[in-house]
Amino acid sequence: MKRVTRALLLTLAGLPALEANDLVDKDSPFYYDWESLQLGGMIFGGLLCIAGILIALSGKCKCKYSQKHSPLPEKAIPLITPGSASTC
């Protein structure tokens, strides 16, 4: 019974491929020119990368206020003190 079911499912899955005459239908609304899309994406990504480098090197991205340096690790307050962690 399993073999018959598998054969029937494979036959039904293959029917659309048998009916397709032209695999590349340029008039279809689902046809995409992947080469042009990839080239446009690479150009756009390159321009964004160059813009990011220029912004980073321009010096305009600086902190507007001076921050105090964090305390040294030996002066820091421990987050877990002995006896504070309990197991249930």
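Q: What makes up 0% of the 88 residues in the chain?
A: Buried residues do; buried means under 20% relative accessible area, exposed over 50%, and partly exposed in between, with a 1.4 Å probe and protein chains only. Bear in mind that this is a predicted model, where local features need pLDDT of at least 70, side-chain atom pairs count only at pLDDT 80 or more, and totals for chains, interfaces and linings use all residues. Residues are numbered from 1 along each chain as its sequence is written, and side-chain values use heavy atoms, leaving out hydrogens and water.

Q: Why is Tyr32 called partly exposed?
A: Its relative accessibility is 45%, so Tyr32 falls in that class. Tyr32 sits in the loop between helix H1 (2–19) and H2.

Q: How do you know how many helices and strands the chain has?
A: Helices (H or I, at least four residues) and strands (E, at least two) are DSSP runs, numbered from the N terminus. That gives two helices and zero strands here.

Q: What span is expected for helix H2, and what does H2 reach?
A: The expected span is 1.5 Å times one less than the number of residues. With 25 residues (34–58), H2 reaches 36 Å from first C-alpha to last, close to the 36 Å expected. Just after H2, Gly59 takes a positive phi of about 85°.

Q: Which residues does the UniProt annotation "transmembrane region" cover?
A: The unreviewed entry gives residues 36–57, and such annotations may be inferred rather than shown by experiment. In the model, that span is 100% helix and 0% strand, with its end C-alpha atoms 32 Å apart.
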